[in-house]
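Trainee: I have the sequence and the coordinates open. Could we go through them together?

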Amino acid sequence: MRVVAGLLLLLLGLCGSGAQGEAGGLGEVAEINQNTDPKHPAEESTQQSTKQTDPDVWTELRALRDMVVELNVQVELLQRENSVQATVLVSLESRLTSSESKTRDLEKENADLQTRLSSSESELLISKSRIDQLERENAVQATELTSLGSRLTATESKTSDLEKENADLQIRLSSSESRIDQLERENAEKPKVAFYTALTDAGTLGPYNTDITLKYSKVFTNIGKAYNPSTGFFTAPVKGVYNLQFTVFGYHAGYTGVQVYKNNQRIMYNSEKSSENYVPEYFTKSLVLELTAGDEIHLVLPSGWSIYDNSDNFSTFSGSLLFTL
């Protein structure tokens, strides 16, 4: 800008002095032409050459003046452009300041992000390590799971077999329980018959001149009340199979024994003879009889025989119902 301004000042100065010289020169020439005499031909040639040169200088000066004018116009344009550029520059400086501030903020944010990224990368490494560990654990667990699956399949198969077996056992149990219930009902409905008796506390009975029915008067058990101690008779309450048993003890007697009667029919004859009166005799017999309801069983001491009993209950009579028919 300083160079342009200097050049403009120089051109303006030249233009001013050129204009004055032109005016003065013209007057002098006219005056010379009027007052001087013709000169030597060489001088005339020189003057003509000078006259031809002067118009060229003025032409160049006018061109320079035009250039100066054009430069002035360009300077004004440049000044306006500079003004616009200055405004733009202020705006750019403001934007630059804002950008620099934003850049600093971004740099801080980037620093924070870098810190967070470093932390995240550290956590990522830890996570990868944990993932590797979990993958190893998962591999082990997968193996265990496969083993457990096989065991589960075997267990389920065995469970299925056991369920089937349990179902069969449940059916059998239900059948058994039903049978047990039936037997319990039958057993509850079935009469219960059992008795156990001893003969007497009086010692020796007999010998007598006639057969006598033995009355076992000491009753220890008489379930069903089938034995009558007043008569010595056992009466079957229902049809069935009965077990009967008796014991006979003789002391200071030659012959001892009893006879078993069913109703009025003798079905067993038992006796024992002692060669010495002071030697005790003892025997036990049992019978299994099918009896109908109302059949009677009693024991008879034959005439001339004796039997012994006391508080020790040597001579006994017992029986029970085995099952009904």
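Trainee: In what order do the strands of the open sheet run?

Mentor: Please keep in mind that this is a predicted model. The open sheet has 5 strands in the order β4-β1-β13-β7-β10, and the pairing is antiparallel.

Trainee: Which strands stand at the edges?

Mentor: β4 and β10 do; each has a single partner strand, so one side of each is left without a neighbour in the sheet. From one strand to the next, the twist averages 10°.

Trainee: Over how many bridges do β1 and β13 pair?

Mentor: β1 and β13 pair over 5 bridges, in the antiparallel sense. A198 stands opposite T316 in β13.

Trainee: Changing topic: how many aromatic pairs does a search of the whole structure find?

Mentor: The search finds 11 aromatic pairs. One of them is formed by F195 and F234, which are stacked at 4.9 Å centre to centre with 25° between the planes.

Trainee: Where do F195 and F234 lie?

Mentor: F195 is in strand β1 (residues 194–198) and F234 in strand β6 (residues 233–235), so their pair ties together parts that are 39 residues apart in sequence.

Trainee: Are those two buried or exposed?

Mentor: Both F195 and F234 are buried.

Trainee: And why is the pair of Y196 and F220 described as tilted?

Mentor: The ring centres of Y196 and F220 are 5.5 Å apart and the planes stand at 35°, so the pair is tilted. This pair also links distant parts of the chain, with Y196 in strand β1 and F220 in strand β4 (residues 218–223), 24 residues apart.

Trainee: What is the relative accessibility of Y196?

Mentor: Y196 has 33% relative accessibility and counts as partly exposed. F220 is partly exposed as well, with a relative accessible area of 46%.

Trainee: Which residues do ring pairs link into a cluster?

Mentor: The cluster consists of F195, Y216, Y227, F234, Y242 and F317.

Trainee: Now the core. Which residues of the largest nonpolar core touch the most other members?

Mentor: Those are L214, F234, F246, I297 and F317, out of 27 residues in that core. At least two core residues come from each of β7 (240–250), β8 (255–262), β10 (281–291), β11 (296–301) and β13 (316–324).

Trainee: What is L214 in contact with, leaving aside its neighbours within four places in sequence?

Mentor: With those neighbours left aside, L214 is in contact with L199, G232, V258, L299, L301 and I307.

Methods: Residues are numbered from 1 along each chain as its sequence is written. This is a predicted model: local features need pLDDT of at least 70, side-chain atom pairs count only at pLDDT 80 or more; totals for chains, interfaces and linings use all residues. Side-chain values use heavy atoms; hydrogens and water are left out. A nonpolar core is a set of buried Ala, Val, Leu, Ile, Met, Phe, Trp, Tyr and Cys residues joined through side-chain atoms within 4.5 Å. Buried means under 20% relative accessible area, exposed over 50%, partly exposed in between (1.4 Å probe, protein chains only). Helices (H or I, at least four residues) and strands (E, at least two) are DSSP runs, numbered from the N terminus. Contact means heavy atoms within 4.5 Å. Rings of Phe, Tyr and Trp (its six-membered ring) pair if their centres lie within 6.5 Å; planes under 30 degrees apart count as stacked, over 60 as edge-to-face and the rest as tilted. Two strands pair if DSSP finds at least two bridges between them. Axes are lines fitted to C-alpha atoms, for helices over the stretch in contact, and angles run from 0 to 180 degrees between N-to-C directions.
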